[in-house]
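Subject: Structure handover

Dear colleague,

Here is the structure you are taking over. My notes on it follow below.

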Amino acid sequence: GNNVFTVNGSTGALVATSATITGTITATDGVIAGFAISTESITDVADSFGLASTVTGGDDVRFWAGATFANRATAPLRLTEAGAITATNATITGSITSTSGAIGGWTIGATSLTSGSGANTVGLDSGGTNPALYAGSATPGSAPFRVTQAGALTATSATITGSITSTSG
């Protein structure tokens, strides 16, 4: 009853009040610190987040939260073995670096942000070979409205109200 260490000879059950174990421990079932252990995952007891070791040959989800183990591939927060992160509701502080993707309807390029298509294209470009700002064409250099990095303005049609100050021309 008061034994701090017991081994059940018929079941193999080990009870130890305190233990230091060196070497390999293998567990395919059980609970540790409130986390359920299985052959391919460690999950919280509510099965709403965890770590997975499943190997399918694809880009497997390794960490997830907000879904069950069975639904981890569509969890609102998930991280794959290739490093792809999906977070459906994130507040990120600090620096973000991206050279591709999309944000708020804008396509991210290595040196540009563009939105729309054809005659409805609007773009910003810091690469130096295209206008810095353009609108009205998917081809920046021939857009009816464009401003170069040097400040040269091209406007195919313009209505200007107020005063214009010119130092030359």
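Two strands are said to pair if DSSP finds at least two bridges between them; strands (E, at least two residues) and helices (H or I, at least four) are DSSP runs, numbered from the N terminus. This is a predicted model, in which local features need pLDDT of at least 70 and side-chain atom pairs count only at pLDDT 80 or more, while totals for chains, interfaces and linings use all residues. Residues are numbered from 1 along each chain as its sequence is written, and side-chain values use heavy atoms, with hydrogens and water left out.

Confidence. pLDDT is the predictor's confidence in each residue, from 0 to 100. Its mean over the protein chain is 92, with 99% of the residues at 70 or more.

S5 (residues 41–44) pairs with S6 in the antiparallel sense over three bridges, and Ser-41 has Ala-52 of S6 as its bridge partner. The two strands form a hairpin with four residues between them, and Asp-47 in the turn has a positive phi of about 55°. S6 also pairs with S7 (residues 61–65), again antiparallel and over three bridges; here Leu-51 stands opposite Phe-63. In a regular strand the side chains alternate between the two faces of the sheet. In S6 (residues 49–52), Gly-50 and Ala-52 make up the covered face, and Phe-49 and Leu-51 the uncovered one.

Salt bridges. With a salt bridge taken as a side-chain nitrogen of Lys or Arg within 4 Å of a carboxyl oxygen of Asp or Glu, the count is two. Arg-62 meets Asp-60 at 3.8 Å, N to O, and Glu-81 at 2.7 Å, N to O. Arg-62 lies in S7 and Glu-81 in the loop between S8 and S9 (85–87), so this second pair ties together parts that are 19 residues apart in sequence.

Is Asp-60 buried or exposed? Buried means under 20% relative accessible area, exposed over 50%, and partly exposed in between (1.4 Å probe, protein chains only). Asp-60, in the loop between S6 and S7, is buried at 9%, whereas Glu-81 is partly exposed at 44%. Leaving aside neighbours within four places in sequence, Asp-60 is in contact (heavy atoms within 4.5 Å) with Thr-54, Val-55, Leu-79, Thr-80 and Glu-81.

Regards
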